[in-house]
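Open the model in your viewer and keep the sequence panel beside it. Each stop below says what to select and what is there.

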Amino acid sequence: MNRPEAGRKPRPIAASLEHGRANPRGISPSLAQILAAAPHRMMFFAGATAVLLSMLWWTLALAAGTWGWAHWPQAPIPTIWAHAMLAQYGMLGPFIFGFTLTVFPRWSGQPELRRGAYVPVFIGVSGGYVLAVIGLLDLRPLLLAGFALLLAGWLYGITRLLGVLRAARSRDHWAWSILAALTLGALGLALFLAFLLGAPGALALAAIRIGTFAFLMPVFFTVTHRMLPFFSNSVIAGYRVVWPAWSLPAAWLLLLAHLLLGALDQPRLRALSDALLALLFLGHWIAWQPWKARRPGLLSVLYMAFAWLPLSFALFAVGGLYGEGNYGAWNMAALHALTVGFFGSMLVAMVTRVTHGHSGRPLRMGAIPWFTFLALQAVAIARVVDSLAGYGALAYTLTGAAWVAAFLPWALRAAWIYLTPRRDGRPG
């Protein structure tokens with residue numbers, strides 16, 4: 001993924017910023033030009049900012065409730081719904097678009113996308129997110145405008161990705177799986193926008209669950225399904241690549257079953273699909289031979305992150321067997337194992353790898369990524385334990401603050417990388 005395409009000659013960064021037009025005066029590029037030099041720069045910068053902004057707002061909202069801050073602005077909608085929507089769509093969405101807008105052309109052997117294909121996505125998705133966060137300070141019109149702009153940028157991004165896949169000579173089932181998940185994500189955003197316009201709250205709950213199980217889960221599993229064996233094979237001698245073609249459709253079917261049975265309030269039937277998902281993910285983890293991936297660290301963290309996935313669905317299955325609804329103690333523990341443990345850990349692992357590879361840095365974990373990754377494991381464990389033990393609002397607030405503290409150095413370092421040219425002078 002980090003290698004140049006065959007036959008493509010690297011261009012100096014000054015030339016690449018203008019897509020082939022040289023800079024005869026040798027003028028240093030501006031920050032805006034550097035940020036716009038590649039889609040992953042813009043979108044990852046937006047995501048790194050959102051990682052801190054989303055959880056800072058959430059932690060302050062929790063603190064306001066815990067300590068009774070009378071002057072804290074109340075969100076126009078339930079805070080837990082706002083947190084779920086902005087964390088899933090507004091925080092993780094930019095990372096996913098940054099990745100797909102970068103790799104889809106490479107996977108299909110096509111030229112890199114020009115700025116007109118990805119700058120509008122950045123404006124819509126990141127601009128809409130910022131407006132929505134401001135709207136949470138008791139400014140409902142801005143909240144509505146933010147989600148509308150976010151959806152518009154999202155739809156534009158889908159159309160550009162669709163154009164790349166339709167022009168490809170061969171069908172890439174991984175790319176189409178990700179595009180399907182992004183399309184369902186657009187559906188979730190549309191449902192939430194309808195709720196903001198006056199539709200029943202059930203649509204907001206549907207949008208949140210679609211975001212988790214029909215958007216993020218398929219994207220994260222699909223990317224891991226393709227990239228983890230690829231990364232492993234590139235550094236481990238004698239590695240056996242396992243890419244089962246049947247497992248992506250199976251995962252999709254079981255995830256949609258989880259979603260449908262949860263909506264129908266059938267926890268015991270849902271427990272069956274969750275148990276099968278736990279076995280499916282555990283089988284993949286074993287088939288990918290994690291014992292061979294103790295080094296380098298940038299590879300081992302991918303396996304550590306993936307280990308949260310079978311655990312989370314095992315917890316979902318236990319919750320279903322107890323007959324819990326979607327927000328019982330076991331299901332909340334499972335949800336935090338999935339979102340904080342799997343999504344959060346895989347975000348650090350994968351984005352660190354892509355960031356290093358696309359900035360001319362060595363493909364290894366440094367002190368800051370290791371700190372963030374290990375601190376996040378502690379946060380995830382604390383959230384799972386707290387969900388089961390019910391320690392209360394103070395513990396919830398403290399783990400929110402711990403998330404911010406864990407991600408702060410990583411996000412600041414990542415933002416600095418996206419705002420500076422590549423170390424090796426290559427484009428992108």
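Are α13 and α14 roughly parallel or roughly antiparallel to each other? Before selecting them, note that this is a predicted model, in which local features need pLDDT of at least 70, side-chain atom pairs count only at pLDDT 80 or more, and totals for chains, interfaces and linings use all residues. Residues are numbered from 1 along each chain as its sequence is written, and side-chain values use heavy atoms, with hydrogens and water left out.

**Stop 1: α13 and α14**

Select residues 329-357, which are α13, and residues 367-389, which are helix α14. Helices (H or I, at least four residues) are DSSP runs, numbered from the N terminus. The two pack at an angle of about 175°, and their axes are 8 Å apart. Axes here are lines fitted to C-alpha atoms, for helices over the stretch in contact, and angles run from 0 to 180 degrees between N-to-C directions. α13 and α14 are therefore roughly antiparallel, a label for angles over 145 degrees.

Now show side chains. Among the α13 residues that meet α14 are Trp330, His336 and Val348; on the α14 side, they include Phe373, Leu376 and Arg383. Contact means heavy atoms within 4.5 Å. By class, this contact has 14 nonpolar, eight polar and one charged residues. Ala, Val, Leu, Ile, Met, Phe, Trp, Tyr, Cys and Pro count as nonpolar, Asp, Glu, Lys and Arg as charged, and the others, Gly among them, as polar.

**Stop 2: arginine 383**

Select arginine 383 in helix α14. Is arginine 383 buried or exposed? Its relative accessible area is 5%, so arginine 383 is buried. Leaving aside neighbours within four places in sequence, arginine 383 is in contact with His336, Tyr396 and Thr399.

**Stop 3**

Select leucine 216, in helix α8. Leucine 216 is buried, with a relative accessible area of 0%. Not counting residues up to four places away in sequence, leucine 216 touches Gln88, Leu92, Ile96, Gly211 and Phe343. Threonine 339 is 123 residues from leucine 216 along the chain, yet their C-alpha atoms are separated by 9.3 Å.

Next select phenylalanine 213, also found in helix α8. Phenylalanine 213 is buried too, at 2% relative accessible area. Beyond four places in sequence, its contacts include Leu255, His258, Phe313 and Leu338.

**Stop 4: the core**

Which residues have the most contacts inside the largest nonpolar core? They are Phe147, Trp154, Met217, Phe313 and Phe342, in a core of 137 residues. Helix α4 (residues 79-107) gives the largest share of this core, 17 residues. A nonpolar core is a set of buried Ala, Val, Leu, Ile, Met, Phe, Trp, Tyr and Cys residues joined through side-chain atoms within 4.5 Å. In soluble globular proteins, nonpolar side chains tend to be buried together.

**Stop 5: α10**

Finish with residues 267-287, helix α10. Its 21 residues should span 30 Å at 1.5 Å a residue, and the end C-alpha atoms are 30 Å apart, which agrees. Buried residues of α10 include Arg270, Asp274, Leu277 and Phe281. Among the elements that cover the buried residues of α10 are α8, α9 and α13. After α10 comes glutamine 289, whose phi is positive, near 60°.

Methods: The expected span of a helix is 1.5 Å times one less than its number of residues. Buried means under 20% relative accessible area, exposed over 50%, partly exposed in between (1.4 Å probe, protein chains only). Angles under 35 degrees count as roughly parallel, over 145 as roughly antiparallel, 65 to 115 as roughly perpendicular and the rest as oblique.
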